[in-house]
Amino acid sequence: MPDTASPPGPAASNASLRAYLRGLPGVDEVGARERAGELAARSIKSAAKGRAIDLAIRMVDLTTLEGADSPGKVRAMSAKAAHPDPADPSAPAAAAVCVYPDLVSVAVAALRGTGVGTASVATAFPAGRAPLEAKLAETRHAVASGATEIDMVIDRGAFLSGDYRKVVEEIAAVKEASGSAHLKVILETGELGTLDNVRRACWLAIRAGADFVKTSTGKVAPAATLPGTLVMLEAVRDHHANTGARVGVKAAGGIRGTKDAVRYLVLVNEVAGAAWLTPDLFRIGASSLLNDLLMQRTRLASGTYPGPDYFTLD
Amino acid sequence: MSDEIFEYAPAPESRSVVSLRPSYQPYIGGELVPATSGESLTSVNPADEEPLAEVAVSGEEDVDRAVAAARRAFDTTWSAMPGAERGKYLFRIARILQERARELAVLETLDNGKPIRETRDLDLPLAAAHFFYHAGWADKLPHAGLGPDPRPIGVAAQVIPWNFPLLMLAWKVAPALATGNTVVLKPAETTPLTAMVFAEICQEAELPPGVVNIVPGAGPTGHTLVSHAGVDKVAFTGSTEVGRQIAATVAGTHKRLTLELGGKGANIVYDDAAIDQAVEGVVAGVFRNQGHVCCAGSRLLVQESVAEEFLPRLRERIERLRLGDPLDKNTDVGAINSAAQLGRIRDLAATGTAEGAEAWSPACELPERGHWFPPTVFTGVSQAHRIAREEIFGPVLSVLTFRTPDEAVAKANNTPYGLSAGVWTEKGARMLWTAERLRAGVVWSNTFNKLDPASPFGGYKESGYGREGGRHGLEAYLG
């Protein structure tokens, strides 16, 4: 099967990359949607729900990616990530905060000693329309400022026009520029059009050195979807079966409520397997989700819903 | 490590929506009337073997009365009623089924053992859909392509199985009523309860008395019904063995007959199939409803060149199936419907091993009480093995391989049955080529076990004759 064939390396020609990607097993969209829908109907209750909520909090990349972002906003969000619920010290911390490169140093300073990571988007996020040198310079700046994770975007234009080589080369170059920082590769599934493309883009990213594959920037609709994430989880599962290495998955954008978050955890559990149920291998990129998780967490513990004013704004 | 992180807590659907009576009587002429037989049978929850309710056994006299009531209703009200009026009753029944869906889903799960996920998401929506669909036909019969003024046949004797009790009732009752026939229906002896609630629904819908009559009982009641001189049409869904007896009983009479019998469906997976979705389809094809599905894809024909890749994925997927309490919303595989059926499955599975095939089941704990059989996959199966030929009607998959499309078709067709088949390929031309050559009443393309009231369903060869559903299904009830 193509999955197990060793694929062309980063230096491969477009023709060999194309042949490789076309050899991957197809994705039947109807079937994938149906499977995702079935898993979304799982009913997660009581103790399992409590564990799921805590796990989801630990997987959150608390994100602000606006033109209006300021150091004050990033400091406030960092404090929130480290201590999501001031009223309840048992609430776990989020996985990371995710900001633009120029604000990385602010986040790093605010998060020192908390164990919360600093993720920086890079490579001309969200469109990715910039020369490679600019993308690499941006990446190096973020890493030099102390980012522990880099969230890059792929060149969707190159991917859709069949220039797979360009996609692979860019990812490999950014990976090198990222040094020891973890590299998350954003596929922007909402622009790829088909689940076949999602699987192909996944394989390109994995082969080019991604530590994580990530669904979306959050700037394009639809952002994360269950069927798209299902296909990505299948890809990392298959990659593990072939090589023994585990690549992570990040679902980002549009996950606003606890119910949604739990659905993603069920998907991870039943598609990739329970080994992926850790912040090292699954992340949720979100901002408003965290408060809903905290609210549900408090409700499980106390039996009543506190109002939104009992939880802090980011 | 995972189990500690995120093991699903029990999520049982509440039983309180169901209020069972201690005993149920035949529904004849619009009333629940005590059976004259004096006998009764106990309907049992197959998941824990607890008795649910006593249900009267209808004797000859009861069947007589039911047929007479149906005849009266046919002559005096139903056959003469304008189609648009009949349609209103069907729409009303469909809506009540939707309104009482939760109650009926829980009751079906209790009585049958199938997971609530399936009764909730499949059985009940489809049962209501059948009534809605046929309600629409009731005033359009002259446009069904069966002549300018097709006429109802008369009294229909209908005998249904235990695997989809309410859904099979809907498949039988809805077209009969839409076309102006009246009905005497015998539910299966192990799963009569939703049919008895359906009797209440007929009352609630104010269906004219005698249009639907329900006579619970076992084999003898069914025999009495189908051999009754007063019925004009016999419709049966169930085993080929019983179907053959009914065909013999009905032969030489004026009665019209449709039979929907067993199957040994093949799922053909070509090397270019969308593998993950094909795995899903194979799993849904044979493990849904514990394999108690006449159109189950109980034979997997996988192309030899991908078998090595496909089978580990299939096993991995089966390992994730959740077997247990059928009322738990996260259960994928429920209980086997009866001790007798469990015995049959065990016997046939044992012959598989004895004939040299290799059995595999996931490590799964079976509940102590109730009737349970783990999902089982046989590899190393050849066409000559009994498990490749006989209908097991349980969660047992036989895996065979093929090398070329010709061989796939030849093997798929090499069965006494001809009910269903599935084809998995991303190549359109190959899909059509294969589907054209398969001798099966239903061929699914990149999916499996999809049913819709607008789509005719039925078999070839020992899988029976006649079609149910769609425009074709109307033909069985119009003269």
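How many residues of chain B are in contact with how many residues of chain A? The answer is 33 residues of chain B and 36 residues of chain A, where contact means heavy atoms within 4.5 Å. This is a predicted model, in which local features need pLDDT of at least 70 and side-chain atom pairs count only at pLDDT 80 or more, while totals for chains, interfaces and linings use all residues. Residues are numbered from 1 along each chain as its sequence is written, chains are lettered from A and ligands numbered from 1 in the order in which they are written, and side-chain values use heavy atoms, with hydrogens and water left out.

Start between the chains. Chain B and chain A bury about 2800 Å², 48% of it on carbon and sulfur atoms. Buried area is the accessible area (1.4 Å probe) that two parts lose on being put together, summed over both. In chain B, Phe6(B), Gln277(B) and Arg320(B) lose the most area to chain A, together 23% of what that side buries. The interface holds 7 salt bridges (a side-chain nitrogen of Lys or Arg within 4 Å of a carboxyl oxygen of Asp or Glu). One salt bridge joins Asp276(B) and Arg237(A), at 2.6 Å from N to O. Helices α1 (2-6), α5, α10 (275-287) and α11 (304-319) of chain B each supply at least two residues of the side that touches chain A. Of that side, α11(B) gives the most, with 5 residues. Helices (H or I, at least four residues) and strands (E, at least two) are DSSP runs, numbered from the N terminus.

Now look inside chain B. Its domain assignment gives domain 1 (15-261 + 463-476) and domain 2 (266-445); the bounds come from an automatic or database domain assignment. Their C-alpha centres lie 30 Å apart. The contact takes 29 residues from domain 1 of chain B and 28 residues from domain 2 of chain B. About 2400 Å² is buried between these domains, with 55% from carbon and sulfur atoms. The count of salt bridges between them is 2. Arg117(B) and Asp332(B) meet in a salt bridge through their side chains, at 3.2 Å from N to O.

Turn to chain A. Here a closed barrel of 8 strands runs β1-β2-β3-β4-β5-β6-β7-β8, with parallel pairing. Two strands pair if DSSP finds at least two bridges between them. Strands β4 (residues 149-153) and β5 (residues 182-186) of chain A pair in the parallel sense over 5 bridges. In β5(A), His182(A) is the bridge partner of Glu149(A).
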